[in-house]
Amino acid sequence: MKINKTIYGSLLGLVILISACSKNFEDINTSPDQVEEPTLDFLLPKIQLTLSDNAYYTNVTIIGQLMYQVSNHGTNFSTLTIGSNKEYHFEYQYATAIKSLVNFIDKTKESEELINYNSIGRILKAYAFHSITDLYGDIPYFNAGKGYIDRTFQPEYDDQKLVYEDMLNELKDAAEKFNPAQRLPGNTDLIYGGSIEKWQKMAYSLMLRLALRINKADPENSAKWISTAINGGLFESNADNFTVFYKPNTYYATISNGQPTPFIYYTSWKLAAPFVDYLKNNNDPRIYIYSALPKTGAVDGDNTASNQFGLPPFVPANEIPKPIEQYSVSPPSTFGKYDAPFIHQSYSEVQLMLAEIAIRELVPEVSKADAGSYYETGVKAAMEQLTIYGGNYVITDAEVNKYLMDNTLNTANVELALEQINTQYWLETHYNFYETYSNWRRTGYPKFDEAEFVIPRRMTYPAKETNINSENVQKAISRQGADLITTRVWWDK
Amino acid sequence: MQLYIVQWSCIVKTLENNMIRLRKIQFGKWLSVFSLLIIMGNSLLAQDNRDPSVLTGTVVSESGELLGSVTVRVTAGAVSLNATTNAKGTFLLRNLKPDIDYKISFSCVGYESKQLENVRINEGEGNSLLVRLTQLSDELSNVVVTALNIKRDIRNTGYLVETVKGKDLTENRTVNIQNALSGKIPGVDVSSTSNGAAGSKRITIRGIASLTGNNQPLWVVDGIPINTGTIGNATPSGGGGIDFGNGLTYINPDDIDQITVLKGNAAAALYGSRASTGVILVTTKSGSRLRKNSMEVSYNTGYTVDKVRDFTDWQYDYGQGTEGKAPVSQEDALSSISSWGGKLDGSDVVQFDGQMRPYVAQRDNIENFYKNGSTFSNTLSLLARTENTNFRLSTSYLANNDIIPNTGFKRSGFSFNSQTRYDKLSVNVVLSYTIEKAKNRQRIGGNYSNVNYTLLQLPTNINVLDLNPGFDETGAEIGLNDEGIPTNPYFVTNKIYEEDQRRRVNGSLEIKYDFTKWLYAKGRVLEDYFDYSETDYTPIGVIWSPKGGGMNQSGSKNSEENYEMIIGTNKNRILGDFKASGFIGGNIYNRLGRSSNVNGTVFVLEDINTINNLSVKYPSTGYSKEKINSLFFNAEFEYKNLFVNFTGRKDWFSTLPLDNNSLFYPSASISYTLNSGLYPSWVSFAKLRGSFAQVSGGAAPYSLNLSYGLDRDNFGGIYLQGISNTTVPNSNLTPLISTEYEAGMDIGLFANKVMLNLTYYNRTTREDIVTTDISIASGYDRAILNLGEISNKGLETSINFNVLKTNTLNWDMTGIFSYNKNKVENLGPGISRLQLAQSKTGNAFINAEIGLPYGQIAGNRYLMDDKGQMVYDNDGYPLNNGIVHILGNGNYDKIASLRNSFSWKSFALQFLIDSKFGANIYSEINSLAVGNGKSKTTLEGREGELLVQGVNAGGGTVNMQIDPSNINAYYGRMAGITENFVYDASFVKLREISLGYAIPQEIVSKLNLTRVSLSAVARNLFILYKKTPNMDPESNTTSDNAQGISATVYPSVRNIGVNLNITF
């Protein structure tokens, strides 16, 4: 009997022990390293810092080369758009900016107090999406970034037309919903320090960009939205620019600008000859800020205009005329540094767009007679905005005026004027190559010799998408055309 | 009354003639000869002639213990009678006849069988025998260690349990014990991974059971479950990643007594969730096989040489350069790391370092760069046995130099086990401590700091020796190009540094108390602990890295504890022949992992390669904890030849949602040994068995909720935060469930000269917890789902044939074959495929596709028009069709091997032919070699003879010649077309040959030694059949689930070694 008691006692003890020990399982399965509720003022600055990819793969190594602004010694044109670099923008943007923005908007949508955060989120979301759709065409939009929220793992690809329509609506609605009585981010808003007025200008300026972009595909809506943007209020000076500043660090750090990395890492990366030549041939006063010879040791390279040479693009190694170190690079004190600010949209761009709208007489709000002054204001702003690199980089009024004298807008000839305006746009969007590329595809300016190298019209979808999300990719292909670099996106057709 | 004393010698045959040899893969010959003393009492009382005679007897152990359950079998010609001893050790046989020579055999679990021949029975009832049986050490018995360290008679199991003897493993002399299991057990697939001697290897049992979970079996060493998680794996990222091994290198093969493989769920049910992919039980040698009050010292030393095998067959007609021209300047040479240059004509041509060298083929780069590897291992052991205790203590040291210069692995440690019994109390102790140190483990799979990648990219006219030592007088890398990709291999081996150390302590204490003869309680505490530290740096001067180098230093501590309590009964006769036993128990499993890591970039001072000397440093920490509580029972019933076994277990998982974190799962198995009357006489034995079992499983910790973490950097005092998950968490997870049915038979033919086993199984895993790759447009890389279903159906067979047997010569042949049909049944709503991996080239994927076997190799094909004509672009280059097709299967489905063992006097020779069929492999080296002009297929068109005929995208005819200066672009396109590089990975290899020699006893005795044996071993000598050009078909990059991609990995090696064992 004694034995039996012992046994029954032990068994009972065992059962009680095991079940009692299962009570604290929730604590065991909570990571001590993480939190489950985020701090909005920590989320917002990170989102703003990640809008520019933080790395150079798609932007510089592909699009920068296609736009003849940078060149890599030894790059073969026919293999340039093969491989994973073309996929980086897609993959990075969805995995960081889109994911965070969708979550940020979701976290702020219910509370009136957070309406301003919500509006900022929606504006930035439109910004992030437009750079993706411009590059790849039809993309997951309405259901994107919702892996956690809706458990949508294979989002459908949406018609670019609908994407544009929604982005424009979002910008308008977000801009109108700001409420000064509610909570605002302060310095944690790295772009505008919580200024509602500036965010609204940004929303309408971005609306102007999107509206003009669809001008060929949908002129009616384009004009309607251009008017809405102008009436809403656009950037009024460089102080309104949509710029993200960075800190010195290495290329993969969120707080630094990864775009100039090739120039910092490798000796083979140079500015391209067409870009440097254009600056040089037109006596552009910006040249010394845009271009310098490579550093020798700790000494900054020569930035004298006459000594600048761009590398001829896509020329075999043994056919370049000069030793590689004699070609210009992005100066390590301006564009070529990890803490170089990234201008996502500028007052200058807005003015140049208005110049085009004026000359093409797209909307009644803008008079053709003002084309010249929009153009001049745009060029001047482009030169003045370079003071973001510090007091050493001031272009004087005299220099600006001389340049404008030599490069007056030819308002008599619309095509020539468009070429002038959009060539300025090409120069101004240096490093925001996605924008350079979209504007080039839309306008065809500046004209590049495409006899030998036909410039692609889009980037193909990531290989992983064709594997994992193949059904939706196939649907996009059947709507948009084959997944080739020669296929045009909706607004480019 | 007469007393007969029969001297008896029992050799192998005795055992073979018993059914108990079943299922043990015992190769080679028995080393020992056993002598027995039998005392037979025979009474001569006269009886009536008409009364058939009766034989009674008592069976006792050497120590006089009365032995129950001993099978007594009396045979004469076709007549056969059976009896079993009762609890008092006595048996009774009726209906015997006088004047016939009977054979009487005695067999009992754990005891040496005994056979008496020419026994005559006297008339009447006075015939009585007293038989003593000698207790066997486990090595010789038919006892297998099964779940929870419980020993069972192999006859009673309703499922397959297979063992490999330590001797068959140690002769192989491999650093990783896993390699030695290759080709030895049906259904066990050992994949060689090309990641160096100390890298992790892969074993799967009966196919892939979980879609994305761990599919490798649970390793249990002396009852202690071992954490065999791989720390790091080669990846297709730029740096490729380092495989730091899976910890199994800690096992010293010389310590192993036997390895038992529990393949099915039924065998594993009592280990719980972690056994859902099978269990490999390692039992180390113990002192129990010694005689009482004796001791033995044994020393083993072995030396093995690894010699690299070069399977490459490149073109050696054209050298470095572009457009059919050799480089004309150093700059030119630095910008064209490829073999698209001119004809190798012997002229002086400038190279990467500005030196002029003859433009001639360099065919021996692989032999020149990779060195002969070596492994030197030593084990000293002491075994002792007293009245109540036996123990074994061993210490060992192993030093390995891998085939890449400056890389190697060292292991030292000791292990101890003891078994003590005092009256009703027995105490077993296991303790082992091992230190493993590895140096310069290589980054493989990537394209920088990967010497294997550099060797592949090296133009045909560059001699790798000219790259030595890889750095200039300032310590800076002498690069092959501006980007430092590929990296100078000598810079990698001389300047880039890695070292790691793993210290493992594991131990167990088991206390068992027998309350009565039938009732016992047992408690066990098991601990497996290891700490791990790793340092690697890339110094100032490397070209690819951020200027100024970088460093990583990390450490982790990992522990797994199990507390277990069991109360059980021994086998008891309940009613007549009906017997039962069982136990009930509980287990608490705790796992805790902590890690800390510091990495950073840019060394401030040169040659000070420490974390403190970095200008940017990032610390991070990791923490992971989980717990599983379990209750279980086991019940066994026996009726004559029928055995039935039930188990049940309930697990509570800490990693699952609180309201749905437990599951009960049962198993049942049955086995039946057919009576000899039921089959023809040439069938000597037949057993049928069947089982059904389920096993459950949980998730990884912290898989339930979204969480946020602070960034390592802040923006001038503004903190940055984001979602930490890149995998979508799932708060609705439930336990997965794996269900298996198994049926089989074991047959002995011709007096068991031929032993045959056949097993069919069908296993399905449902509600599988799957971490699947999802569209990045969802914001996440992966998601955790609970919807997967995967099935494995298969057939396993082995046949063991004793071909020849004389007094001096023995020849055994063992053939094994297994076939596994895997199928991905379901992946959840809306998901048709899982992506398991993507190749470094980006063009090949490993997928799980619904309706197909797991691990399909997928990728693009050439673009063709509707009529099947090739579509070319305007330059005449081929296009890929941008559609992902299934191109092959990454996992083998048929494995066959044949082993021959010969022994002649003191010599033993064996060889093993191992083969696998039914898998494909995507070869990156062949793709890259087409891209860089080293492949022989790129010879066409160098002189302008490459004609392209087909259509263009618009449907127009293309008929043009490719300009020789553009053929690199043409072949560049071809390199990106996946279907070109998917090969049949089937192979037949001569896996092992070994020759052993035991020095004759008379010589050994003169030297005052007990035993001396010598052996020579060769592994991977020849590939008898393969279809993969330029590579070994067994060249998978990783040991994880993504099988079927071979990146730029280690070349394969051939091992040749010698071994000496001396016992004092």
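At roughly what angle do the axes of helix 3 and helix 7 of chain A cross? In this predicted model, they cross at roughly 20 degrees, and the two axes come within 12 Å.

## Helices 3 and 7 of chain A

Helix 3 of chain A covers residues 40–49, and helix 7 of chain A covers residues 115–136. An angle under 35 degrees counts as roughly parallel, so helix 3 of chain A is roughly parallel to helix 7 of chain A. The crossing of helix 3 of chain A past helix 7 of chain A is left-handed.

From helix 3 of chain A, the residues in contact are Leu40(A), Asp41(A), Leu44(A), Ile47(A) and Gln48(A). Their partners in helix 7 of chain A are Tyr117(A), Ile120(A) and Leu124(A). Sorted by class, this contact between helix 3 and helix 7 of chain A has six nonpolar residues, one polar and one charged.

## Helices 14 and 17 of chain A

A second pair is formed by helix 14 (residues 347–359) and helix 17 (residues 414–428) of chain A. Their axes come within 10 Å and cross at roughly 170 degrees. Angles over 145 degrees count as roughly antiparallel, and helix 14 and helix 17 of chain A are therefore roughly antiparallel to each other.

Helix 14 of chain A contributes Ser348(A), Glu349(A), Leu352(A), Met353(A), Ala355(A), Glu356(A) and Ile359(A) to the contact. On the side of helix 17 of chain A, the residues met include Val414(A), Leu418(A), Ile421(A) and Tyr425(A). By class, the contact of helix 14 with helix 17 of chain A has nine nonpolar, three polar and three charged residues.

## Helix 18 of chain A

Helix 18 of chain A runs over residues 433–443 and is mostly covered, with eleven of its eleven residues buried. Among them are Phe433(A), Glu435(A), Trp440(A), Arg441(A) and Arg442(A).

## Chain B

Chain B has ten helices and 56 strands. Of its 1064 residues, 60% count as buried. When contacts in chain B between residues at least 6 apart in sequence are considered, 70% join residues at least 24 apart.

The size of an interface is often given as the accessible area lost when the parts come together. Chain B and chain A bury about 7,400 Å² between them, and 61% of that area is on carbon and sulfur atoms. In chain B, Tyr708(B), Phe715(B) and Gln721(B) lose the most area to chain A, together 10% of what that side buries. The contact involves 94 residues from chain B and 86 residues from chain A.

Note on methods. Residues numbered from 1 in each chain as written. Chains lettered and ligands numbered in written order. Predicted model: local features only at pLDDT ≥ 70, side-chain atom pairs only at ≥ 80, totals over all residues. Heavy atoms only, no water. Axes fitted to C-alpha atoms, helices over the stretch in contact; angles between N-to-C directions. Helix = DSSP H or I, 4+ residues; strand = E, 2+ residues; numbered from the N terminus. Parallel < 35°, antiparallel > 145°, perpendicular 65-115°, else oblique. Left-handed = near helix turned anticlockwise from the far one by under 90°. Contact = heavy atoms within 4.5 Å. Nonpolar A, V, L, I, M, F, W, Y, C, P; charged D, E, K, R; others polar. Buried < 20%, exposed > 50% of the residue type's maximum accessible area, 1.4 Å probe, protein only. Buried area = accessible area lost by both parts, 1.4 Å probe.
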